[in-house]
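This report goes through selected local features of the structure shown below. It takes backbone geometry, strand pairing and side-chain contacts in turn.

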Amino acid sequence: MKKTLRTILLAGMAVVAVSCGNSSAPKADAPMAADPNAAVKVNVATATFQDVPQDEIYTATVEANATNNIAPQTGSRIQKINVEIGDFVRAGQVLAEMDKLQLQQAKLQMVNDSTELSRLRKLYEQGALAKADLESMELAYNVRQATYQNLLENTVLRSPINGVVTARNYDKGDMYTMGRPLYTVQEITPVKLIVGISESDYTKIKKGDSVMISADALPGRSFSGKINKIYPTMEAGTHTVNVEIVVPNSDRVLRPGMYTKVEINYANNHSIVVPDIAIVKMQGSGQKTVYVVNGDNTVSLKVVKLGRHFGSNYEILEGLEEGDVVVTKGNANVKSGSKIEIIG
C-alpha cells in the first residue's frame, strides 16, 4: 500500500514538471501585435476661401527728414555757444555767435551811407544834384545793406529748421577754420525711410499709400507712415526702385540710424486657406503636400503650391478646392490610402 501511494505521488510530480517546461504554453505578458488595418486617429480642417493680405516686409534705416550743417562763410573766432548736442531747437533760434567786429563796422558804414543818402535826396529834390549821382549813392547803399545782412547771418548763427542738435564740433573761443560745421541740426519730426521695391511690385504702390513700421529698439510699438515719394528711375543691378516713406514721429522716439522693418500691404487675395500644420514637406523633393480625406474615410496625398504664411495659416495657390477636408494632426502616421478615424 505504501509503495503504491509513493508511485502515485511521483507520477503526479512528473506531470507538473512536464506542464511547466512546455514551451508552447501561452505567456500572460506577451505583447499583442498591432492591427495593420486599424484606422489612424486624426484631426482635420476644411479648406475655405479667405481674404489673404499680400504683405511684404522690408528693412530700412531711419533718416532725418532734413539735415543742416550750421557754419559761417569765413573763418572767425567763436564768441558764444548757446546749445549743446541733444538740445531741440526751433527755426530761427540763435545757436552761436561769432566775433562781431566786422559786423559792427559794416553796420556803422550802412548807417553812415543811409544818412548820406537822405542828404542827397534832399539836394536832388531841390535841383542841386544830378539824378545819376543820386542813383549811384542808392546803389552803394543797397550793396552796403546786403553786405551787412550777409555778415549778420554769418555772425549770429540761427537754425533754419526745427530739429535736434546732433553734432557740435567747436568750443567757445575756438577759431572756426571751415574744416567742419560748427553744428549739425537734424529734423526728426517727421523722419523718413528709403525702401527698395522690386520691379514686380512697383506698379502696386502709389504716393500716399499707408505702411506700418516697427523698430527693434522699440519692442511692442508700431508706427504708421505714408509713401511720400517714388523715385523716377530703377536700380539696374537690383531691379528695385527706391521709395521714400515719411513717418510723423511726433513723440520723437524714432531716431536717425535706428534699424526698422517696413510692412507694405499690396492688397488682398481671395484664396483657399488651411492651417499651417496640415502642410507636409516631402523629403528630398522640397514639394509641399497635404493629406485630403476621401469619402470612404481614407486619405490621398496632394501636392500644393503655397502662397503667404500669415498667423497660423497658409494661403494655397494651387492643389486644393474649397470644402476639401485635410488632415491637421496625425498626418505623420498616415500615407496615401490609409484608413482614418476623425476625432477632432
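## Terms and model

A residue is called buried under 20% relative accessible area, exposed over 50%, and partly exposed in between. The coordinates are those of a predicted model.

## Backbone geometry

Most residues other than glycine have a negative phi, and most peptide bonds are trans. Met178 has a positive phi, near 70°, and is not a glycine. The loop between strand E8 (163–168) and E9 holds Met178. With a relative accessible area of 48%, Met178 is partly exposed, because that value lies between the limits of 20% and 50%.

Asn297 is another non-glycine residue with a positive phi, here near 60°. Its place is the loop between strand E15 (288–293) and strand E16 (299–310). Asn297 has a relative accessible area of 37% and is partly exposed.

Which form does the peptide bond from Thr189 to Pro190 take? This bond is cis, with omega near 15°. Pro190 belongs to strand E9, which covers residues 183–198.

Strands of a sheet pair through backbone hydrogen bonds, either parallel or antiparallel. In this model three strands make up an open sheet, ordered E4-E6-E7, with antiparallel pairing. Strand E4 (78–81) and strand E7 (156–158) are at the edges and have a single partner strand each, so one side of each has no neighbour in the sheet. On average, neighbouring strands of this sheet are turned by 20° against each other, direction ignored.

Strand E6 (residues 94–98) and E7 run antiparallel and are joined by three bridges. Glu97 has Val156 of E7 as its bridge partner. Helix H3, residues 131–155, lies across E6 and E7 and runs at about 70° to E7.

## Salt bridges

Side chains of opposite charge can pair when their charged atoms come close. The whole structure contains 13 salt bridges. One of them is formed by the side chains of Glu341 and Lys41, at 3.7 Å from N to O. This pair links distant parts of the chain, with Glu341 in strand E19 (residues 340–342) and Lys41 in strand E1 (residues 40–46), 300 residues apart. Glu341 is partly exposed, at 37% relative accessibility.

Asp201 and Lys204 also meet through their side chains in a salt bridge, with an N to O distance of 3.1 Å. The accessibility of the two partners falls into separate classes: Asp201 is buried at 10%, whereas Lys204 is partly exposed at 46%.

In the salt bridge of Arg221 with Asp251, the closest N and O atoms are 3.0 Å apart. The two residues are 30 residues apart and link distant parts of the chain: Arg221 is in the loop between strand E10 (210–215) and strand E11 (223–230), and Asp251 is in the loop between strand E12 (240–247) and strand E13 (259–275). Arg221 has a relative accessible area of 37% and is partly exposed; Asp251, at 39%, is partly exposed as well.

## Aromatic rings and charges

A pair of aromatic rings is described by the distance of the centres and the angle of the planes. How many aromatic pairs does a search of the whole structure find? The search gives one. The rings of Tyr170 and Tyr176 have centres 5.4 Å apart and planes at 70°, so they are edge-to-face. The cut-off for that class is over 60 degrees. Tyr170 and Tyr176 are both buried.

Charged groups also sit over rings. Lys204, the salt-bridge partner of Asp201, lies over the face of Tyr266, 5.7 Å from the ring centre. Arg252 has its charged end over the ring of Phe88, at 3.9 Å from the centre of that ring.

At 25% relative accessibility, Ser198 is partly exposed.

Leaving out residues up to four places away in sequence, Ser198 touches His239 and Thr240. The C-alpha atoms of Ser198 and Val241 are separated by 6.5 Å, although the two residues are 43 residues apart along the chain.

Terms used:
Residues are numbered from 1 along each chain as its sequence is written. This is a predicted model: local features need pLDDT of at least 70, side-chain atom pairs count only at pLDDT 80 or more; totals for chains, interfaces and linings use all residues. Side-chain values use heavy atoms; hydrogens and water are left out. Two strands pair if DSSP finds at least two bridges between them. Helices (H or I, at least four residues) and strands (E, at least two) are DSSP runs, numbered from the N terminus. Axes are lines fitted to C-alpha atoms, for helices over the stretch in contact, and angles run from 0 to 180 degrees between N-to-C directions. Contact means heavy atoms within 4.5 Å. Buried means under 20% relative accessible area, exposed over 50%, partly exposed in between (1.4 Å probe, protein chains only). A salt bridge is a side-chain nitrogen of Lys or Arg within 4 Å of a carboxyl oxygen of Asp or Glu. Rings of Phe, Tyr and Trp (its six-membered ring) pair if their centres lie within 6.5 Å; planes under 30 degrees apart count as stacked, over 60 as edge-to-face and the rest as tilted. A charge sits over a ring if NZ of Lys or CZ of Arg is within 6 Å of the ring centre and within 35 degrees of the ring normal.
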